[in-house]
Amino acid sequence: MSHTNNTFLPSGRIDLGTGELALGPLDGRYASVTAPLTNYLSEAALNRDRIHVEVEWFIYLCEHEVLPGLSPLSEEQKKGLRAIVTDFNADSVAELAEIEAVTVHDVKAVEYYIGRRLEGLGLSHLVPLVHFGCTSEDINNLSYALGIKDAVENVWIPAAEELIDVLLKLAEDGRDVPMLCRTHGQPATPSTLGKEMGVLAYRLKRQVKHVKATEFLGKINGATGTYAAHYASVPSTDWQKISRGFVEHLGLTWNPLTTQIESHDWQAELYSDIAHFNRVLHNLCTDVWSYISIGFFRQIPVAGATGSSTMPHKVNPIRFENAEANLELSNALLDSLGSTLVTSRWQRDLTDSSAQRNIGVAFGHSVLAISNVVKGLERLDIATEVISADLDANWEVLAEAIQMVMRAEAIAGVPGMENPYERLKELTRGHRVDAARLKEFVATLGLSPEAEARLSALTPHTYNGIAAQLLDHAKNA
């Protein structure tokens, strides 16, 4: 086979070139899952949002006639300006790249890109109005806020809520399935499978509520946040009012007091909330993985899928394992972003510029993990017979109930109820206890007839309090 037209690497392997190849899995192997985020958090989306902010600022200044010689634009002109945003496509990306190759400045390239289109709208005399009074960060902070807000509201939250719905369905299926609990890995007071899944759903719901409450802040106040250039050029305008009105016009919350940069505190808060959600989800993955390991869940095989390359009997819990890894990668980035973005040297440095370009990657790994968990949960079947056998093998967990009944009896004045803990420890510590032995022990305690009957009727299957009812808290949260 001839390779005469190929380029070789120093190792002797063929150089694969660039083309459609992806360096990272989010844009390669897993692109079908993370693709929706590219509409909001990719470099192209950032440039589209920059154009959107610049165009809306241009229109807003005209509408409010903040400079001498300005007047409101015609509907046709506004439509034409906004079409610069809605028509943004691959050719636009290429044109911007050509301009930036000359300017060596991304926001300046956006300014020139818009300026090129004003003549066709009869607005060539207003080219100086593009980017008026703005520093690059005025455009960038608003563009990032819009992109992140859209990504959270249109991609991340719907994915998280779908996950919670799937988890709650599994919990409802297990509402009345009694299950032995394990504290410190040891047999403990039973619950229901539904209640235990409900705990995780409730925790995840709380974090989604925090994310939904995020304030997406923005500012447009000049090179060091003082409106100096604004008042130097047009001192008669109330620039704080214009700034606030414009930021709120974009659907964001106005930050009135900044340096050159918007302080990014809201981003750090958001990333902390998403990271917390990720950590709870990681806990879900490890718990479900462990339940699969001891047989409480069966995984429903996917037709044609290979569980193991050499052991055909296996169905590996890979969805949960993959999710764990992606959650850890997401949190590594979210934690780094949260700690990096809240610090800027004096009035400005550019550490945030490089950091923020990885926001999409952080969200991507979280969304990918959520997708994996959804698929994993949907392929689970509750192995009620295994769970039941586990309860039958651990009658000693009723020792807690017996002890508490003895305490209540002692308080009520029933004699002979002293030292219940020590008496139960002697019976259960280091010994397996079956139904017969436990009932025999209860009969020797001297309990009141009502208490003895209640304990005699109790089994590991029925000793779970109001666990089934508690699931409603997760459903109604």
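This is a predicted model: local features need pLDDT of at least 70, side-chain atom pairs count only at pLDDT 80 or more; totals for chains, interfaces and linings use all residues.

Q: What lies between strand 1 and strand 2?

A: The two strands form a hairpin, with 2 residues between them. Look at His184 in the turn: its phi is positive, about 60°.

Q: Now to the helices. Which quantities describe two packed helices?

A: The angle between their axes and the distance between the axes. Take helix 6 (residues 136-173) and helix 13 (residues 359-378): their axes come within 9 Å and cross at roughly 15°. Angles under 35 degrees count as roughly parallel, so helix 6 is roughly parallel to helix 13. Their crossing is left-handed.

Q: Which residues of helix 6 and helix 13 meet?

A: On the helix 6 side they include Tyr144, Trp156 and Leu163, and on the helix 13 side Phe363, Ile370 and Leu377 are among them. By class, the residues of this contact are 18 nonpolar, 1 polar and 2 charged.

Q: How do helix 10 and helix 11 pack?

A: Helix 10 (residues 265-293) and helix 11 (residues 318-341) have axes 9 Å apart, at an angle of about 160°. Helix 10 and helix 11 are therefore roughly antiparallel. Helix 10 passes helix 11 in a left-handed crossing, and their contact has 15 nonpolar, 7 polar and 5 charged residues.

Note on methods. Residues are numbered from 1 along each chain as its sequence is written. Side-chain values use heavy atoms; hydrogens and water are left out. Two strands pair if DSSP finds at least two bridges between them. Helices (H or I, at least four residues) and strands (E, at least two) are DSSP runs, numbered from the N terminus. Axes are lines fitted to C-alpha atoms, for helices over the stretch in contact, and angles run from 0 to 180 degrees between N-to-C directions. Angles under 35 degrees count as roughly parallel, over 145 as roughly antiparallel, 65 to 115 as roughly perpendicular and the rest as oblique. A crossing is left-handed if the near helix is turned anticlockwise from the far one by less than a right angle, and right-handed if clockwise. Contact means heavy atoms within 4.5 Å. Ala, Val, Leu, Ile, Met, Phe, Trp, Tyr, Cys and Pro count as nonpolar, Asp, Glu, Lys and Arg as charged, and the others, Gly among them, as polar.
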